[in-house]
Amino acid sequence: MLWSYRHSGTRKSWFNINTRELSEVVVIGSTASLKDEEEFTDILEERRRTTDLGYALRTFNPQPYKGAPYSSTSDLKKAVLESQYLRYIIALETGSSVEKVRQEARGILEEMSHNLQLGFIRLMAYTVNKVFKRLFRSIYVNMEGLNMLQQAIQESPVILMPNHRSYVDFLIVSFILFTYDIPIPVIAAGIPLASMKVVGEILRRSGAFFIRRAIGSDKLYWAVLSEYVRTIVRTGCAPLEFYVEGFRSRTLKSVVPKLGMMDMVLEPYFKGEVFDITLVPISISYDRVVEESLLALELLGVPKPKESTTGLFKASRVLQEDYGCMHVNFGRPLSVRQLCEGKINRSEYNLIPRDLPQRPSTEIQDCVNWVAHLIVRTQEEGSLISPWSLMACLLLQAPITTLTEEGLQWHGLTEKTLWLRKLVLDFRGRLNWPAHTPDSDVMSSTVALHHSIVHHKAGRVCLVQDGDPASQDPLSPEEGVMRTAAAVLMLVSYRNQALHVFVRPGILATAIHITKSTQKDELFSFFCFLRDVFANEFIFIPGRASQDFDEACSLLQKCGAVHMSEQEVTVLETGLEVLSFLQKLLQPFLDSYQLIFRYLCENGAHVFTEKQFLPAVQNLATKLILSGDLHTFEVLSSDTQKNVLSALRRLEAVTKLRVNNNILSIADPYFFGKYIAIDVLLMTEIMNKRAL
């Protein structure tokens, strides 16, 4: 069988820099190891030896950006309101007087802006110190990265870019910087946090500035926000922290970056208003996430609890739980000037005054997209994989009836986990595996930590399925599926924390399994096809398809799974176990995409809204699970369903449009109308026809 696919991994693309060039700015695929105890320092160890009040009132003497003039909060707001850019936008607004529009802009800025004050930083330090000592056994920070950050902050405006898995992320970076006398950042936060009584104002005075979630086409709001962000970057008055993924990942795997804020923070460099900007990727890894059960329920359609002060106090019961350890890995600072050197032509910004709005060229947009993906990929490389993530990978490959009824044998699970630990190290992953503790104790303690998901009894491990103890009525079959799905999706979230290590070799293993080919060109073509289909599920740096394929080949060869020649990839007998594991790891994603393709074909659903689409797919999946025709619960996740829909829109198999304030999706009958059975061949045909 010959596979042909026109992929975007051409070596002619401007942003397709080679591995050696990339390594000059960031280390991708760094040397694997177990956690180096000397590299990370437990910052809670000293906090437990001192009083909370003494810590909060300690001398705080940060060294700010040397080029930054002193700027108060009122100075910052005045600079934004009086900027030529905002004046120009206000003058363009029609239908209202200039003064009325200016007042509206002032109101937006008051709602948005931070009011950073040292007294409230100390209050937060006191509170957060108490909370963290209750929640976590240890908080490990890599001191080398922190030292590089301290130096970088003095030399250029700094953008702090953590991954986002928990509400705790919002607090931890400022907590660490306060501890080590590094300037406190101003942090982009969602506007719902501002509405929390008392807490919202404390957050604002601790450095948070608040952004509306649905800005839409509000030009004035966009103008105020972009000028506010650019002014912070341009003056370097404080480090700026934001989540390039845009929102908290409910699946605990990386989310495709959002480019709005990224474009705002880079524009001062593109316009020549600053000599350079430093980006600092930060990888935050949790043994156990505080919101694990809530995240799973949200994925199944349970509404997210509204952020409120009352809700915060009600959630105080989490302080009675043990959440293990947290690792915060400050990545190597990246120079925007160096990243963009030779990639863009900044002279286009010289054609009109800097203060006037200008639509970025395609070249600039591609550059912003490339940098954003690079940051998220670097966050993945810097994260530490826990023993529980490895065990979750293996538990999910067992039949669901085994997990929910008789349980998986403990001895077999632990043996396989040790096998997987070696594979992760072969694949250059970073492991959080205690070096001086017996392996059996490490695995026993990690299962005990996750008692809300599994329990270990009589030599077997079973999935925990909590029902409502107050309910006397038996569960319906559909309710039983949802209860099991909630437990499975919690397990899935921890598996997802390790996926970035396996994705590339996993896609190649899947290509080998499906095509049955040994020809390198055919495998590369199908590898690129799967890479494009799953571009909403996993992080791939644009223009690096060839390098990703080479990396996958190299890793499979390194672990003895395949033999490489110039033209062929040959599977070795010793590699069957590895290839089987990798293929099963990605199978739930294939199953989910295939099911949704089937829904679009068999139901003739050519025009639909997202509100119609999500429950319809969930109902179909539930029926198939009950009948035994579907074995993956991940298709019940709303994130998976939305990712499939986004992929189909990106591949132009589905068109998105707005009619009467409703967003409709139109499935192209050219692709879906005549297909009844959906498999990987259909996805291939869609891609091939779109490439013609």
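A polar contact is a pair of N or O atoms within 3.5 Å; within protein, one of the two must be able to donate a hydrogen and the other to accept it. A polar atom of its side chain lies 3.2 Å from the backbone oxygen of leucine 636. The model is predicted, so this distance and every other value here is computed from a predicted structure.

Where does glutamine 618 sit? Its place is in helix α27, which spans residues 610-627. Is glutamine 618 buried or exposed? Its relative accessibility is 17%, so it counts as buried. The cut-off for buried is under 20%. Which residues does glutamine 618 touch, once neighbours within four places in sequence are set aside? The contacts are Leu300, Met482, Leu636 and Gln641.

Now step back to the whole chain. The protein chain has 692 residues, and 56% of them count as buried. Its secondary structure comprises 30 helices and 19 strands.

The largest cavity holds about 230 Å³ of space. Its lining consists of 21 residues. Arg165, Leu252, Asn496, Gln497 and His500 are the ones nearest the centre. By class, the lining of this largest cavity has 8 nonpolar, 8 polar and 5 charged residues.

Three elements each supply at least two residues to the lining of the largest cavity: β8 (278-286), α17 (362-382) and α23 (499-515). Helix α23 gives the most, with 4 residues. Why does the largest cavity count as lying between two domains? Domain 1 (38-382) and domain 2 (502-688) both give residues to the lining, so the cavity lies between them.

The second largest cavity has a volume of about 160 Å³. Its lining is made of 13 residues. Met124, Leu171, Ser174, Phe175 and Ser206 lie nearest the centre. Two elements give two or more residues each to this lining: α7 (118-135) and α9 (169-179). Helix α9 gives the most, with 5 residues. What is the class make-up of the lining of the second largest cavity? It has 11 nonpolar residues, 2 polar and no charged.

Helices α5 (84-92), α12 (219-235), α13 (260-270) and α17 each supply at least two lining residues. Which element gives the largest share of the lining of this pocket? That is α12, with 5 residues. By class, the pocket lining has 11 nonpolar, 5 polar and 7 charged residues.

Helix α17 links two of these spaces. It supplies at least two residues to the lining of the largest cavity, and at least two to the lining of the second largest pocket.

How values were computed. Residues numbered from 1 in each chain as written. Predicted model: local features only at pLDDT ≥ 70, side-chain atom pairs only at ≥ 80, totals over all residues. Heavy atoms only, no water. 1 Å grid on protein atoms, 1.4 Å probe; cavity = no way out; pocket = protein on both sides within 12 Å on 5 of 7 lines; lining within 4 Å. Points joined across faces, edges and corners; volume = space filled by probe spheres on them. Nonpolar A, V, L, I, M, F, W, Y, C, P; charged D, E, K, R; others polar. Domains from an automatic or database assignment. Buried < 20%, exposed > 50% of the residue type's maximum accessible area, 1.4 Å probe, protein only. Contact = heavy atoms within 4.5 Å.
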